[in-house]
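Let's walk through this structure together, one contact at a time. Have a look at it first, then read on.

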Amino acid sequence: MSLQETKELLSEQEPLNEEFFTGEPENNSKDSEKKGNFLETCHNVIKDIIDDVSYGCKRDPAARNFLEFVLLYPGFHAIILHRIAHLLWIHNFLFIARIISFLSRFWTGCDIHPGAVIGKRFFIDHGMGVVIGETTYIGNDVTLYQGVTLGGTSTKKGKRHPTVGNGVVVGAGAIVLGPLNIGDGSRIGAGSVVIKDVIPHSTVVGIPGKVVRQRGVKVQKVLDHAALPDPFTRSHEIFEYKIEKLEKEIEILKALLVSNNVLLNEEIQKSEEHIHMLSKLPPDEPKSDAE
């Protein structure tokens, strides 16, 4: 993909304002969130938690009812504690917010900084080993699986963690590093390491992450994060096909040379033996006693 095409695809995303990078919700201004009525903000947090319950039950077929989800899902507990900690964080109760975040890590296994901004209908499946940094921005309808890291690559202040768009699914063990943008509706495959921007409605697999462009096509099975294309396997298949094709062409050329009396069979056999001698694989290394 050329640089110009990448710029055009990235331009499809909605324009980002200052609040998007400073850790403030997209639909609220700094003044209304930080200086607004504390009780009103609490009311909004409660509504978000109710949406989280409904969204989580829809996303996880193992959740049999709302009560089971609320009481027995550590990922949901991590979301509740984070929303409370973030509420305190934006109202300058920083130390208390960090205490809640610290306790949440022990209780749920998820390390979410209270400064991270998380949108509506957020779901963490299995809720273990998830790490979300301070300046991370997560949009609406996002699903994370166990072991996901949304980390930073800089020790400087400012925006240093990922920005995750709406409707994104991040597979188990995936790592997203740096202040990059994950476009709306994208999927990050399990075990992938993403270090570059991802265009909207894409899938990313591998280390480092490789983008499979799906321009204009939205992902239908949002939970099927394991059924992703493998660009490395595809490359190997192409190489095997080309090698097999070359071998057949060489056999045809040798047959033509023999039939036209250009070369004798004995000469071809000698040349093949000579090639085999030069192209022998190195012997296996001797195993140590420890092995």
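**Salt bridges and packed helices**

R121 and D141 form a salt bridge, with their closest N and O atoms 2.5 Å apart. R121 sits in the loop between β2 (117–118) and β3 (123–124), while D141 sits in the loop between β5 (137–138) and β6 (143–144), so the pair ties together parts that are 20 residues apart in sequence. Strands here are DSSP runs of E with at least two residues, helices are runs of H or I with at least four, and both are numbered from the N terminus. A salt bridge means a side-chain nitrogen of Lys or Arg within 4 Å of a carboxyl oxygen of Asp or Glu.

Before going on, keep in mind that this is a predicted model: local features need pLDDT of at least 70, side-chain atom pairs count only at pLDDT 80 or more, and totals for chains, interfaces and linings use all residues. Residues are numbered from 1 along each chain as its sequence is written, and side-chain values use heavy atoms, leaving out hydrogens and water.

How many salt bridges does the rule give? The count comes to six. Another one of them joins E244 and K248 (3.6 Å, N to O). Both residues lie in helix α8 (residues 231–259), four residues apart, which is about one turn of the helix.

Now for some helix packing. Helix α6 (residues 74–90) and helix α7 (residues 94–108) pack at an angle of about 175 degrees, their axes 8 Å apart. Axes are lines fitted to C-alpha atoms, for helices over the stretch in contact, and angles run from 0 to 180 degrees between N-to-C directions. α6 and α7 are therefore roughly antiparallel to each other; angles under 35 degrees count as roughly parallel, over 145 as roughly antiparallel, 65 to 115 as roughly perpendicular and the rest as oblique.
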